[in-house]
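Reader: I am new to this structure. Please show me how to read it.

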Amino acid sequence: MLFEKTFVAIVLIVCCLEASSVLAGSCRESSLCCNGRDSSCVVQKAPINAIIEDLSDKPCYCDHACLRLGDCCEDFKQYCGVLDCLVSEWGPWSECDATCGTGMMSRNRTVVRPAQNGGKHCPSLVQKRGCQGFKCQHHQDRRVMREMALLLPASLSKSRHENDTSDIRRNLRLRYRDSFKHNRGNEYCVEFEVLKASKACHKLPPYDKLLEGDRIVVRCDLEALQRDTTVTESSNSVLDEDQQLPPQGKFRCRGEGLPGRNSRWSALAAPSCHGKWLRLTLDQPKKCTESQFIFV
């Protein structure tokens, strides 16, 4: 008789424990909230040895590792104070950073509430996209940007200067030394940064100097000067050596591009060697003594 009463009491205790585990279907009901990864911080929604037929009866966890594993109880974040990062709505798009040609524009958002207790980190706060600037000073600027600079080694420029003494055109230059087109003092140089170079350039001296990221100087000789139709005013006066050259006025070199803008270049003797560069000379070009290439 005593044995039967003891057995009944044990059965009742087990039933009560199983009933309590079924009722404890949340972190709040179980009073569980654990840091890190803790496999014992689990809520059993069904008896341990029971066959789970409904996915909602699967065990769930109340430790912070469940955020990464995806098996948290439904009220884990609320009960354990887990807050995801909260950001504002996107602000308006900025103006295009290029007044003429291809550029970039961006928009921003701010953090309203940082992540707490293992919540999701903040997403990107800056978004960018391409844009096109149409505020060109002259319609001809687009034509200048489409020009391709044809290059030759600077050594040819030196040979030209050496031949000045026997060149019949020397008489013309002496006679018209006050004319911009006939005065060697009006030659100038432009500096570029190479943005892209084809593989053919790597094995072709001296064009192997045109590597991505390199800075090069290109000379504009008198022989390469062309009449510039993109300017309305000109100044053909000759300046001292310490002074900057005037805006090329009626003359400039084809393919020298626009300040701070990208343009294309190509080796005249090897068309397979070509690429893009960025003009670094922002102000009026100056005279120079050393250059790697010359315009054609």
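Reader: What is the mean pLDDT of the chain?

Author: The term pLDDT is the predictor's confidence in each residue, from 0 to 100. Here the chain has a mean of 76, and 70% of its residues reach 70 or more. Helices (H or I, at least four residues) and strands (E, at least two) are DSSP runs, numbered from the N terminus.

Reader: Over which residues is the pLDDT below 50?

Author: One such stretch is residues 7–23. A contact means heavy atoms within 4.5 Å. Beyond near neighbours in sequence, residues 7–23 have eight contacts in the model. Residues 232–248 are also below 50, and that stretch has 41 such contacts. Where pLDDT is low, the predicted coordinates should not be read in detail.

Reader: How many salt bridges are there?

Author: A salt bridge is a side-chain nitrogen of Lys or Arg within 4 Å of a carboxyl oxygen of Asp or Glu. By this rule the count is six. One of them pairs K77 with D84, with the closest N and O atoms 2.9 Å apart.

Reader: Is K77 buried, partly exposed or exposed?

Author: Buried means under 20% relative accessible area, exposed over 50%, and partly exposed in between (1.4 Å probe, protein chains only). K77 counts as partly exposed because its relative accessibility is 31%.

Reader: What does the salt bridge of E187 and R219 tie together?

Author: The closest N and O atoms of E187 and R219 are 3.7 Å apart. E187 lies in the loop between α7 (169–175) and β8 (188–197), and R219 in strand β9 (residues 215–220), so the pair ties together parts that are 32 residues apart in sequence. Both E187 and R219 are buried.

Reader: Where does Q78 lie?

Author: Q78 lies in helix α4 (residues 76–80). Q78 is exposed, because its relative accessible area is 65%. Q78 and R28 are 50 residues apart in sequence, yet their C-alpha atoms are 9.2 Å apart in space.

Notes
Residues numbered from 1 in each chain as written. Predicted model: local features only at pLDDT ≥ 70, side-chain atom pairs only at ≥ 80, totals over all residues. Heavy atoms only, no water.
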